[in-house]
Amino acid sequence: MTGAVVLRRAAPVDAPVIGGLVREGFEGYRCFAPEGWEPPALQADIARTADRLAVRGAWAQIAERDGAALGVVGYLPHHAEDGLAHFWLLFVTRAEWGTGLAARLHDA
């Protein structure tokens with residue numbers, strides 16, 4: 001860890017990076033998920049993420065240090081009412097647990 005953590009707006013092209021962060025986060029679900037649970041297929045999840053990031057009003061940020069992705073946060077617009085959104089995702093790498101990065105992303 002050398003550089004500062006920077007947040008940048010995510011775009012549909014970032015879907016594979018986000019998919020990797022989500023995949024790592026989903027591995028932690030195994031300790032409380034029902035027996036036999038499996039996360040969504042990675043390629044399908046990446047495609048779904050790219051589609052979601054292309055939606056008007058969607059927003060996501062990626063946290064990076066020295067070009068390496070450390071976390072992601074995002075929301076999707078609620079189409080029934082203006083001004084409302086669905087909190088979509090918040091994941092940080094295990095190495096960042098306890099550093100305050102998740103709180104920083106949530107606050108963003």
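Here are some notes on the predicted model above, point by point.

1. **Ground rules.** This is a predicted model, in which local features need pLDDT of at least 70 and side-chain atom pairs count only at pLDDT 80 or more, while totals for chains, interfaces and linings use all residues. Residues are numbered from 1 along each chain as its sequence is written, and side-chain values use heavy atoms, with hydrogens and water left out.

2. **The sheet.** Four strands make an open sheet, ordered E1-E2-E3-E4, with antiparallel pairing. The edges belong to strand E1 (6-9) and E4, each with a single partner strand, so one side of each has no neighbour in the sheet. From one strand to the next the twist averages 20°, with axes taken as lines fitted to C-alpha atoms (for helices over the stretch in contact) and angles running from 0 to 180 degrees between N-to-C directions. On terms: strands (E, at least two residues) and helices (H or I, at least four) are DSSP runs numbered from the N terminus, and two strands pair if DSSP finds at least two bridges between them.

3. **Who pairs with E2.** E1 and E2 run antiparallel and are joined by four bridges. On that side, Arg-9 has Gln-61 of E2 as its bridge partner, and Arg-8 stands opposite Ile-62 in E2. E2 and E3 also run antiparallel, with seven bridges between them; Arg-65 stands opposite Ala-68 in E3.

4. **E2 is well covered.** Seven of the seven residues of E2 are buried, where buried means under 20% relative accessible area, exposed over 50% and partly exposed in between (1.4 Å probe, protein chains only). Side chains in a regular strand alternate between the two faces of the sheet. Here Trp-59, Gln-61, Ala-63 and Arg-65 point one way, Ala-60, Ile-62 and Glu-64 point the other way, and all are buried.

5. **A buried arginine.** Worth a look: Arg-65, in strand E2, counts as buried because its relative accessibility is 12%. A polar atom of the Arg-65 side chain lies 3.1 Å from the backbone oxygen of Gly-3. For reference, a polar contact is a pair of N or O atoms within 3.5 Å; within protein, one must be able to donate a hydrogen and the other to accept it, and residues adjacent in sequence count only if both atoms are side-chain atoms.

6. Asp-66 counts as exposed because its relative accessibility is 56%.

7. **Helix H1.** The length checks out: the 13 residues of H1 (residues 15-27) should span 18 Å at 1.5 Å a residue, and the end C-alpha atoms are 18 Å apart, which agrees. The expected span is 1.5 Å times one less than the number of residues. Buried in H1 are Ala-15, Ile-18, Gly-19, Leu-21, Val-22, Gly-25 and Phe-26. They cover an arc of only 165° around the axis, which puts them on the same side of H1; the arc is that of the directions from the helix axis to the C-beta atoms. Their cover includes helix H2 (42-53) and strands E2 (59-65), E3 (68-77) and E4 (85-92), with contact meaning heavy atoms within 4.5 Å.

8. **The H1-H2 loop.** Gly-36 sits in the loop between H1 and H2 and is exposed, with a relative accessible area of 64%. Gly-36 and Thr-93 are 57 residues apart in sequence and 24 Å apart in space, C-alpha to C-alpha.
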